[in-house]
Amino acid sequence: MKTINRYIALFSLVGALGLTTSCSKEDSLGESRLKVTPEEKSALDNWIDDNYTYPYNMAVFYRWDPAKVDMDRYLTPVAVEKVQPTLKVIDKIWLESYETIAGNQFVKRTAPRELVMVGSMNMNTGATVTLGLAEQGVRISLFQINSLDLKDKEQVEEFVHTIQHEYVHILNQAEPFDESEYGKLTAADYRGDWHLTTDKEAWALGFISNYARSNATEDFAEQASWMLRDIVGYEEIVAKAPASGRALIRQKEALVVAYYKRAFDIDFYELCNLTTANTEEAIKL
Amino acid sequence: MKRILMHIGVLATVIVSAVSCQSDNFDSKFDENPTERLENRRTELRNELVYSTYGWKMTYFTDDTQLGGFTHLFKFIDDRRVVMASDFFAVGDYNPLQPKESEYKLQLSNTIGLLFTTDNYIHLLGNNSIVPPSREDLYGVGYKGDFEYSYYSSEGHSIYFKTVRDHIGIKFERATQQDWNDLQFNQITSDVLKGKKKLIISNASGETQEYNFSFKWDTRFARIVTPDGQYSVNRNAGVGVGLRKDGIIISPAIDLADGTAVTEFRLEGGSFKAEINGNTVTIL
């Protein structure tokens, strides 16, 4: 038995030696065969780095990247000369306002990681247009920038309204609102074909816009973003709404205000006042 | 017993050593690995694009069942910048006859792709809200153009691509200074073609077939049907038209009875004429 054990030990030793010595050829993986030289940055790229990437931890995509958009749609790049002026307006109204009220770390933490700028309109079947998209909480895509007049207050309000709306979705993903409590206020009046209805009809039923009627999540984002768009204009809409609708809109407003306080310790009215004031300044930039 | 054990041991050692030393070297069919081949293809395409003195000409038929061809001229300046002009219509602030600079990229995907990354005239074809006035049903798809192309080959003075979205074959032909000068005259050809009403096919024996011809300037599609409206050339309702200073090109080709086909017409004495193998096709 001793002899058998000795043979086993001997052969194991020889086998192990064979394994260790015969497989020691690949010492280094060597250099990458892919060309990995970073692309040269333009003055605009450097401006974006200084004003978006570093302060807000946000990448801005203005060069076309097919992976960032829906390939089934006929969309086109933003005009390069529109990029910086548009980003300045976005910064002034959206990011700077949140930063002032909630602090830089809040924006850095909650803002989407990617902002995708698309020049063309994004048309849907059914005669509607998608103005913006929030995807997986990490990306906001903005459309129709090439035809945006940055000196036209109404156009700027509509454009930033889209961003504010999408950002509310992202905040809701980070800190959910009570959807069942909010949704039951006007549960019977949500409908898929909201685009066949008017804003006026929506106000009477307790919605701030016809799009708010699509579902409770969109309703919440619309309620918040209409207030952020222009708090004075919002009050005018509410004043015009029939009494029954007005009461419901006020209840929704209270839930939005409470959500911002509870989830982020933000005084929502203070934020709305600032975004409204910053819009006035942005169109003069 | 000892001998048996010795044999088993030797055999096991040989097997272990042999298996552990198997090399993954094999007889490669190529001189380079796949990554190197792709990088070489990229360099090859880059050099082709950049080294053409007057750039490249492309007439892009985005959907030749209902739309015509739009000619674009590209001058690739370096690895990043391209100047282009086009015979697409003036839209808003865009005057496509005025050369405009933008960026492009050669990127790795299933093959090497040419992607026009920043706004220029090529994107007017792919804008969902720019449609022919006579075809409002095209809202949502526009002129159905793509601006990302997969590289397939280059032969002689041509480079062959396919669009990524619809896999439509497109050809870049080496451009001349004359092409840049002549682009502005394509509109005149369109105006001349608008006035044409008949297409006549004559064969070598003198037999003729007559069709009604109707060209729409906004779609650049010509409807070509028999006078009774029952049949069309190629059973395709008509052909897409690409404009030249001195004629037109069409897609698809008009197939003739003897198996030949025509794709190019010269403008001669107010008519557009194509000849092949004793056949004459005239638009007048």
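**View 1. Helices α8 and α10 of chain A cross at an angle of about 85°.** In this predicted model, helix α8 (residues 216-229) packs against helix α10 (residues 243-264) of chain A with the axes 10 Å apart. Axes here are lines fitted to C-alpha atoms, for helices over the stretch in contact, and angles run from 0 to 180 degrees between N-to-C directions. That makes α8(A) and α10(A) roughly perpendicular (65 to 115 degrees; under 35 is roughly parallel, over 145 roughly antiparallel and the rest oblique). On the α8(A) side you'll find Phe220(A), Gln223(A), Ala224(A) and Met227(A), and they meet Lys252(A), Glu253(A) and Val256(A) of α10(A). Contact means C-beta atoms, placed from the backbone, within 7 Å. Sorted by class, that's four nonpolar, one polar and two charged residues (Ala, Val, Leu, Ile, Met, Phe, Trp, Tyr, Cys and Pro are nonpolar, Asp, Glu, Lys and Arg charged, and the others, Gly among them, polar).

**View 2. Helix α8 of chain A is largely enclosed by the rest of the structure, since 12 of its 14 residues are buried.** Buried means 20 or more other C-beta atoms within 10 Å of a residue's own, exposed 12 or fewer, and partly exposed in between, with C-beta atoms placed from the backbone. Trp226(A), Leu228(A) and Arg229(A) are among the buried ones. The helix's buried residues pack against α5, α6, α9, α10 and α11 of chain A.

**View 3. Strand β5 (residues 112-116) of chain B is mostly covered, with four of its five residues buried.** Helices (H or I, at least four residues) and strands (E, at least two) are DSSP runs, numbered from the N terminus. Five bridges tie β5(B) to β4(B) in antiparallel fashion, and strands count as paired if DSSP finds at least two bridges between them. Look for Gln107(B) bridging to Gly113(B). A hairpin of three residues links β4(B) to β5(B). β5(B) also pairs antiparallel with β6(B) over three bridges, and there Leu114(B) stands opposite Tyr149(B).

**View 4. Eight antiparallel strands of chain B, β9 to β16 in order, close into a barrel.** Ignoring direction, neighbouring strands of this sheet are turned by 30° against each other on average. β15(B) and β16(B) pair antiparallel over five bridges, with Glu275(B) opposite Thr280(B). Helix α4 (residues 186-194) of chain B lies across β10, β12, β13, β14 and β15, running at about 140° to β12(B).

**Notes.** Residues are numbered from 1 along each chain as its sequence is written, while chains are lettered from A and ligands numbered from 1 in the order in which they are written. Local features need pLDDT of at least 70 and side-chain atom pairs count only at pLDDT 80 or more, while totals for chains, interfaces and linings use all residues.

Key: Contact = placed C-beta atoms within 7 Å.
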